[in-house]
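Let's take a walk through this structure together. Have the sequence and the 3D view at hand as you read.

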Amino acid sequence: MSPRVRYVVLVAVLAIALALPFLVSNFRVFQFTQVAVYAIALLGLNMLTGYNGQISLGHGAFYALGAYTTAIMIDRWDVPYPLTIVTAGVLCLIAGFLFGIPALRLEGLYLALATFALALAIPQILKYFEHWTGGSQGIVLSKPNPPWGLPLSPDQWLYFFTLAVLLVLFVLARNLLAGRTGRAIVAIRDNPIAAQAMGVNTALYKSLTFGVSAAYTGVAGALSAIVIAFVAPDAFNVFLSITFLTGVVIGGLASISGAIFGALFIQFVPNWAQEISKAAPWAIYGIFLIGFMYAMPFGIAGAIRRVAARAALRGTAARA
Amino acid sequence: MEIFFQQVVSGLATGGIYGSVALALVMIYQATDVVNYAQGEMAMFSTYLAWTLMNAGVPYWWAFFGTLVLSFVGGLVIERIVIRPVENKPILTIVIVCIGLLVILNSVAGWIYSYIQKPFPSPFPPKPIMLGTVVFGAHDLGAIGVTLVVLAFLYAFFRFTTLGLAMRAAAQNPTSSRLCGIRVGWMLAIGWGLAAMVGAVAGMMVAPIVFLDPNMMAGILIYAFASATLGGFTSPGGAVLGGLIVGVIENLVGTYVSFIGTELKLTVALAVILIVLVFKPSGLFGRAAVHRV
């Protein structure tokens with residue numbers, strides 16, 4: 001895609017995103033807020049899995065950590081919610097970095113299991129520390145009202161708030177990945193030995209990528225706690241982590257826009273499946289999954305990239 | 001001490017189940033380089049087939065072997081139809097297709113057979129066997145025995161038959177195998193068929209204990225995955241032993257470490273596995289992966 005086309009597409013998407021909450025019902029707004037939240041989490045996971053080549057089946061754990069950090073801070077100490085999101089991000093950055101250190105020794109499947117174990121353990125651990133987490137009852141929060149007397153419903157305000165966070169994080173991720181650091185991260189995925197020979201500190205970069213990835217997912221978790229206004233251990237089960245990985249692969253590995261496509265998929269396709277067949281909705285969902293992978297083995301973003309490349313090629317051929 | 005032995009024995013019993021599912025996982029991994037996330041659901045579906053046969057009045061062992069044949073064919077067909085189109089695609093694409101398969105099988109089983117638990121017969125006598133004061137469930141012992149028999153068969157198959165040799169060759173070096181006249185694609189399909197068969201055995205051994213329902217394998221698959229990793233994904237014997245170790249650790253920790261109890265025992269079992277992995281990154285019995293640079 002030429003820079004100009006890309007610019008036009010970007011502005012158009014942004015315009016639609018800004019107009020959306022005034023065009024659809026409050027429930028739909030809530031759903032799109034969820035899409036934005038998922039997109040942040042998927043972008044985080046994509047940095048780790050798509051760009052750095054480390055598979056994680058445990059990002060639900062960091063999502064949970066972020067969500068509970070926010071919920072506990074608001075519930076216990078009445079901390080303003082924007083502050084809790086930053087705290088959740090920092091906490092997950094540290095947790096992810098620390099988890100990334102033992103993960104250095106593991107590759108592929110074994111790393112997948114290690115992270116999977118993390119995802120499995122989370123609901124049990126949350127229930128165990130009942131005093132802080134409210135056990136299986138969870139913690140109920142209230143949705144914040146829009147500030148400065150803005151004429152918005154709480155759902156609309158949360159949508160814009162989440163969208164703003166999403167934009168900031170996406171720009172940051174783009175700059176991180178487009179520069180020297182990004183090249184080092186990708187080099188480690190493609191050939192760790194060559195990367196090391198070129199002077200990349202692979203151990204440090206891998207653990208840092210884990211940390212940043214966890215921080216993104218943690219921020220998403222924190223936002224989800226505020227948007228849904230409720231946290232409970234069973235919402236953070238293994239399937240959440242698997243859903244994240246599905247979203248990343250469907251959206252397109254190693255692609256920033258892929259996070260949005262993946263988020264749309266994991267938010268809306270299960271609902272459609274439910275509408276198509278009440279008897280066996282998950283069978284329909286499975287068929288969707290497999291069908292998408294047949295049609296677009298490199299994800300939605302990969303397919304778009306391919307179509308654009310082909311169009312560009314035809315353009316040059318016509319001019320020549 | 002009695003309690004200790006009793007806990008070890010019941011740990012071995014559940015461990016045998018984890019081991020047999022882990023064995024099926026390792027089988028597919030060795031034959032195709034894919035970890036099949038749908039393995040548990042395939043086993044569950046096979047068990048439902050067995051249940052259907054038995055309900056129609058077929059005697060246990062006839063139904064047992066009939067199910068094995070059906071499962072083999074089923075595994076073969078699934079590989080040919082579902083997996084083949086993405087065979088040479090990135091590994092994560094295959095993983096997602098397997099997850100798709102998992103939800104389809106689970107949902108279809110629930111649709112056909114409903115989510116109500118069904119009892120499933122055991123071929124072994126219900127009377128427990130006493131050794132001193134320690135009680136062995138006949139079914140538990142039988143299940144471990146069956147797992148070991150399957151392991152022995154697989155070992156013999158891969159070690160002594162031409163087909164087994166061809167399958168190993170196809171997995172290790174597809175290009176050279178193709179040049180030697182081995183039909184690599186079909187070897188993969190047979191690998192899936194065999195794994196479906198092993199899974200069917202595991203399913204029929206689990207069902208009398210946990211009862212038959214579409215979600216019966218979810219928890220077990222997780223433990224099986226852990227067992228296979230602990231034993232090493234390249235070692236079938238290691239997978240079975242890994243299963244037994246996981247079963248025993250889980251039981252002992254649940255019994256003896258009081259603040260952990262039953263709520264955190266999964267967490268602790270997984271933590272133990274992680275610690276092992278940090279020191280032995282390819283599992284206890286796995287070969288370290290060697291890469292050509």
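Helices (H or I, at least four residues) and strands (E, at least two) are DSSP runs, numbered from the N terminus. This is a predicted model, in which local features need pLDDT of at least 70 and side-chain atom pairs count only at pLDDT 80 or more, while totals for chains, interfaces and linings use all residues. Residues are numbered from 1 along each chain as its sequence is written, and chains are lettered from A, with ligands numbered from 1, in the order in which they are written.

Let's begin with chain A. Its secondary structure comes to 14 helices and two strands. The C-alpha atoms fill a box of roughly 70 × 50 × 45 Å along the principal axes. For 320 residues, a compact globule would have a radius of gyration near 20 Å, and the 20 Å of chain A agrees with that; this radius is taken over C-alpha atoms, and the globule rule is 2.2 Å times the number of residues to the power 0.38. Buried residues make up 49% of the 320 in chain A. Here a residue is buried if 20 or more other C-beta atoms lie within 10 Å of its own, exposed if 12 or fewer, and partly exposed in between, with C-beta atoms placed from the backbone.

Chain B has eleven helices and two strands, and along the sequence they follow the pattern α-α-α-α-β-β-α-α-α-α-α-α-α. The C-alpha trace of chain B spans about 60 × 50 × 35 Å along its principal axes. Of its 293 residues, 47% count as buried. B:Cys180 counts as exposed because it has 11 C-beta neighbours inside 10 Å.

Within chain B, look for helix 2 (residues 39-55) and helix 8 (residues 184-210), whose axes come within 7 Å and cross at roughly 65°. That makes the two helices roughly perpendicular; angles under 35 degrees count as roughly parallel, over 145 as roughly antiparallel, 65 to 115 as roughly perpendicular and the rest as oblique. By class, the contact between helix 2 and helix 8 of chain B has ten nonpolar, five polar and no charged residues. Ala, Val, Leu, Ile, Met, Phe, Trp, Tyr, Cys and Pro count as nonpolar, Asp, Glu, Lys and Arg as charged, and the others, Gly among them, as polar.

Now, where do the chains meet? In all, 34 residues of chain B are in contact with 31 residues of chain A, contact being C-beta atoms, placed from the backbone, within 7 Å. Helix 4 of chain B gives the largest share of the side that touches chain A, 13 residues. That side divides into 26 nonpolar, six polar and two charged residues.

Helix 4 of chain B packs with helix 11 (residues 238-251) of chain A at an angle of about 125°, their axes 10 Å apart. The two helices are therefore oblique to each other. Here A:Ile242, A:Thr246 and A:Val249 meet B:Leu92, B:Thr93, B:Ile96 and B:Ile99.

How values were computed
Axes are lines fitted to C-alpha atoms, for helices over the stretch in contact, and angles run from 0 to 180 degrees between N-to-C directions. Two residues are in contact if their C-beta atoms, placed from the backbone, lie within 7 Å.
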